Amino acid sequence: MFFFEVILVLWIMFKVVSVIVWNNSPFLRKVSLSSVFTRHKRRFPRSKWEEEKTDDGTKWTFLEHKGPVFAPPYEPLPSNVKFYYDGKELKLSEDAEEVAGFYARMLEHDYTTKSVFNTNFLTDWRKVMTPEEAKLIKDLSKCNFKEMHAYFQSVSEKNRNRSKEEKAALKAKNEEIQKEYGFCTIDGHKEKIGNFRIEPPGLFRGRGEHPKMGKLKRRVMPEDVLINCSKDSKIPKPPSGHKWREVRHDNTVTWLASWTENVQQQAKYVMLNPSSKLKGEKDWQKYETARKLHKCIDKIRENYRADWKAKEMQVRQRAVALYFIDRLALRAGNEKDDEQADTVGCCSLRVEHIQLHKEKDGKEYVVVFDFLGKDSIRYYNEVPVEKRVFKNLEIFIENKKDSDDLFDRLNTQTLNEHLKDLMPGLTAKVFRTYNASITLQKQLDELTDGDASVPEKILAYNRANRAVAILCNHQRAVPKGHSKSMEALKEKIQAKRDQIDEAEEDLQQASKAAKRGSVKEKLACDKKKKALERLKDQLKKLELQETDRDENKTIALGTSKLNYLDPRISVAWCKKHGVPIEKIYNKTQRDKFRWAIDMAGPDYVF
């Protein structure tokens, strides 16, 4: 009996020592693969990023939350705010008044000048009217929303001018709501929820010339909402007098609530915050897949180049499309129906979207692309291509009308099936992520001067990021306040130059005085010299800021930085070159990429 007690004590001591050694030895944590240490790591995880992952599609074992926050009920307009039709005052029913208010708010917006927007609005507005209202209101041009518009403007102005106390009270109220509804419990962790408020009703805008602009986005009710949580959790309670459409316990998905919006019939979700463990894992896996592509990209390029000469036309079209997706970071593109904006990607390009020039501006075999991409953003690019690609394009467009498909024997499904054969998990988006990340890595290596100042390094980083944004066609309109902000910046720069001129004169006089040999005068001279150096540094920062802001005026850097660039590249660059990470990522972004900040050292290479 004594022998077994000794063995038990020794076994317990071994367990305790192994845990201590494991938690205090970075070397063992990285290198040891023994089952003993692996078990301890699972039982005592150091962080949520290192917990054991399953391969059966299970995302969680326990999920509890309070459900979404719905838009507040409609508050009727004050009795002194009138609506007029054909010059006569008309008291609208509550539903009709609410929808009229959506339009009144936008009265000075460009959208209300568009016939499609106005037609769609009037059609949907009449659907919520009483029979008497619908019988009367048939012409939008006879509607007078001016008093309603003025009222909403006054409310906005009042909100902007809230007192300090009112702002504090509103902040406290929102924090209480955030505390109750903005967090969930998932597998023992308290995680922040990304979008726990359901979007209020309004008018659909869409991107570009969307055919459904102006349609009514109706109010989402609890009866429209699916709730997802674990069986052993406290089921969220719907608002009083309502019930959920359905309660599910699906641990293979990461959404907490879902509903279908009525305009485009798209599913909407309440999801975890980007800083959550599940979101972080998904991001990490996305960039790891792109890194795998880096290892076999040469072989894939060799294969599609060989396929340019294939006997089957379908294979040739696939190879040329893949060349464009790889080289130009084009999206694959999906088929659109008549009720969606006419945007295209690579597979859905039509003959009218390209022009072929055997010679253009001194370059041979130039393809000019001109089409509307995602979000109706125009893609225009003049690209010299290889002769074999050019010849194939000539064959593809032969005897076709402008409205015919360029790749008539290819679609996104067959393309993605082919990509999966080339590499597990490979899609057109992986190419986009890979090319964006590798471009950033190369640009940072080329543009960064290790001896430069931090502001100069940040300018180099933004220029590298800009090269990626141009590759991915992440454009934007020049911000409305750009000219004004640039003028203000130029004034600051001029003021700083004037200060430098004065400081140089002061230093010159101080230097003359210091030559007389007085210790006090020499100290004053040194002080003025340092002040001048500080002013010159400040001027340099302002000039760099001016250059950066002007270069970025038509480019959206945020999309690529948050969705296509492996954050470990940026983190490693910051650590290697002594640039504070907060200069590249704000707090929300640092929370989103916490996994990368923890993981990447200064020597990380994509």
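This is a predicted model: local features need pLDDT of at least 70, side-chain atom pairs count only at pLDDT 80 or more; totals for chains, interfaces and linings use all residues.
**Exercise 1. Getting an overview**

Work out how many helices and strands the protein chain has, and what share of its residues count as buried.

*Solution.* Start with the secondary structure: the protein chain has 20 helices and 15 strands. Next, look at burial. The chain has 606 residues, and 40% of them count as buried. Finally, check how far apart in sequence the contacting residues sit. Take the contacts with a separation of 6 or more: 67% of these join residues 24 or more positions apart.

**Exercise 2. A pair of packed helices**

Describe how helix α15 packs against helix α16: what are the angle, the distance and the handedness?

*Solution.* Let's first recall what we need. Two packed helices are described by the angle between their axes and the distance between the axes.

Step 1: find the helices. Helix α15 covers residues 482–514, and helix α16 covers residues 519–551.

Step 2: read off the geometry. The two pack at an angle of about 160°, and their axes are 9 Å apart.

Step 3: Angles over 145 degrees count as roughly antiparallel, so α15 is roughly antiparallel to α16.

Step 4: α15 and α16 make a left-handed crossing.

Step 5: sort the residues of this contact. You get 14 nonpolar, 6 polar and 15 charged.

**Exercise 3. Now try another pair**

Step 1: the handedness here is right-handed, as α14 passes α18.

**Exercise 4. Buried or exposed?**

Decide whether Asn120, Cys184 and Cys472 are buried or exposed.

*Solution.* The cut-off you need is 20%: a residue under that relative accessible area is buried. Asn120 has 15%, so it's buried. Cys184 comes out at 2%, so it's buried. Cys472 also has 2%, so call it buried.

Now look around Asn120, which sits in helix α5 (residues 115–128). Leaving out residues up to four places away in sequence, Asn120 touches Pro211, Lys212, Met213, Gly214 and Lys215.

What about disulfides: how many are there? A disulfide needs a pair of cysteine sulfur atoms within 2.5 Å, and by that rule the count is 0.

**Exercise 5. Positive phi**

Find where Asp86 and Asn399 sit, and say how exposed each one is.

*Solution.* Begin with Asp86. Its phi is near 55°, a positive value in a residue other than glycine. Asp86 lies in the loop between β2 (84–85) and β3 (88–89). Its relative accessibility is 49%, so Asp86 counts as partly exposed.

Then take Asn399. This residue isn't a glycine, yet its phi is positive, at about 60°. You'll find Asn399 in the loop between α11 (387–396) and α12 (412–422). Exposed means over 50%, so Asn399, with 78% relative accessibility, counts as exposed.

Definitions and conventions:
Residues are numbered from 1 along each chain as its sequence is written. Side-chain values use heavy atoms; hydrogens and water are left out. A crossing is left-handed if the near helix is turned anticlockwise from the far one by less than a right angle, and right-handed if clockwise. Helices (H or I, at least four residues) and strands (E, at least two) are DSSP runs, numbered from the N terminus. Buried means under 20% relative accessible area, exposed over 50%, partly exposed in between (1.4 Å probe, protein chains only). Contact means heavy atoms within 4.5 Å. Axes are lines fitted to C-alpha atoms, for helices over the stretch in contact, and angles run from 0 to 180 degrees between N-to-C directions. Angles under 35 degrees count as roughly parallel, over 145 as roughly antiparallel, 65 to 115 as roughly perpendicular and the rest as oblique. Ala, Val, Leu, Ile, Met, Phe, Trp, Tyr, Cys and Pro count as nonpolar, Asp, Glu, Lys and Arg as charged, and the others, Gly among them, as polar.
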